[in-house]
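I opened the notebook to log what I looked up in this structure. The entries follow in the order I made them.

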Amino acid sequence: NIYALLTGLWVYYDNEDDEPRVKRMVQAGQLPYLDVRYRTRSFGEGALVQIMEDCWITDPDERPSIFQIVEMLQMAIAENARLQSAEKEEDEE
């Protein structure tokens with residue numbers, strides 16, 4: 001799961017042993033904690049945050065399909081590689 005990959009935590013990690021409570025939290029629209037620093041610390045992390053938030057949209061018709069998610073991830077990987085390459089070139093100058 002992308003949340004665990006980005007944060008190193010499980011979704012609702014503080015309530016992992018209380019499944020009924022987690023269900024109520026999800027039904028109430030309460031999103032898991034996400035450190036705001038992930039949004040701006042690097043391009044890659046920011047892209048993952050955006051994808052997670054897109055997947056958390058309540059209306060399933062507005063959420064991206066798995067195919068759109070794959071495309072977003074591929075674009076993010078390509079852009080991240082481009083940025084890292086440009087940064088490496090700057091460091092070599």
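Is Glu45 buried or exposed? I looked up its relative accessible area and found 18%, so Glu45 is buried. The cut-off for buried is under 20%. I noted that this is a predicted model.

**Entry: the partner of Glu45**

I searched for what the Glu45 side chain meets. It forms a salt bridge with the side chain of Arg41, at 2.9 Å from N to O. Arg41 counts as exposed, at 52% relative accessibility.

**Entry: helix H4**

I then looked at helix H4, which covers residues 43–55. H4 has 13 residues. From its first C-alpha to its last I read 18 Å, close to the 18 Å expected at 1.5 Å a residue. I listed the buried residues of H4: Glu45, Gly46, Ala47, Leu48, Val49, Ile51, Met52 and Asp54.

**Entry: other salt bridges**

How many salt bridges does a search of the whole structure find? I got four. I looked up two more of them by residue.

The side chains of Glu53 and Arg39 meet at 2.5 Å, N to O. Glu53 lies in helix H4 and Arg39 in helix H3, so this pair ties together parts that are 14 residues apart in sequence. Glu53 is partly exposed, at 27% relative accessibility. Arg39 is also partly exposed, with a relative accessible area of 40%.

Arg37 and Asp35 meet through their side chains at 2.4 Å, N to O. Is Asp35 buried or exposed? I found a relative accessible area of 14%, so Asp35 is buried. Arg37 is exposed, at 56%.

**Entry: a loop glycine**

I checked Gly29 next. Gly29 sits in the loop between helix H2 (19–27) and helix H3 (37–41). Gly29 counts as partly exposed, at 47% relative accessibility. I also took the C-alpha separation of Gly29 and Ile57, and it is 9.4 Å. These two are 28 residues apart along the chain.

**Entry: a nonpolar surface patch**

Which residues form a nonpolar patch on the surface? I found Ile66, Phe67 and Val70, with about 340 Å² of accessible area together. Ile66 is in helix H5. Ile66 is exposed, with a relative accessible area of 54%.

**Entry: the whole chain**

I finished with totals. The protein chain has five helices and zero strands. Read along the sequence, the pattern is α-α-α-α-α. Of the 93 residues, 25% are buried. The accessible surface comes to about 7,200 Å², and 52% of that surface belongs to carbon and sulfur atoms. I also looked at contacts with a separation of 6 or more: residues 24 or more positions apart account for 39% of them.

**Entry: confidence**

Where is confidence lowest in the chain? I found the lowest in helix H1 (residues 2–7), with a mean of 56. Confidence is highest in helix H5 (residues 66–92), at 91. The chain averages a pLDDT of 82, and 82% of the residues score at least 70.

Note on methods
Residues numbered from 1 in each chain as written. Predicted model: local features only at pLDDT ≥ 70, side-chain atom pairs only at ≥ 80, totals over all residues. Heavy atoms only, no water. Helix = DSSP H or I, 4+ residues; strand = E, 2+ residues; numbered from the N terminus. Expected span 1.5 Å × (residues − 1). Buried < 20%, exposed > 50% of the residue type's maximum accessible area, 1.4 Å probe, protein only. pLDDT = per-residue confidence, 0-100. Patch = residues over 30% accessible without salt bridge, like charges linked within 9 Å, V, L, I, M, F, W, Y side chains within 5 Å. Areas by Shrake-Rupley, 256 points an atom, 1.4 Å probe, with all protein chains shown as cover. Contact = heavy atoms within 4.5 Å.
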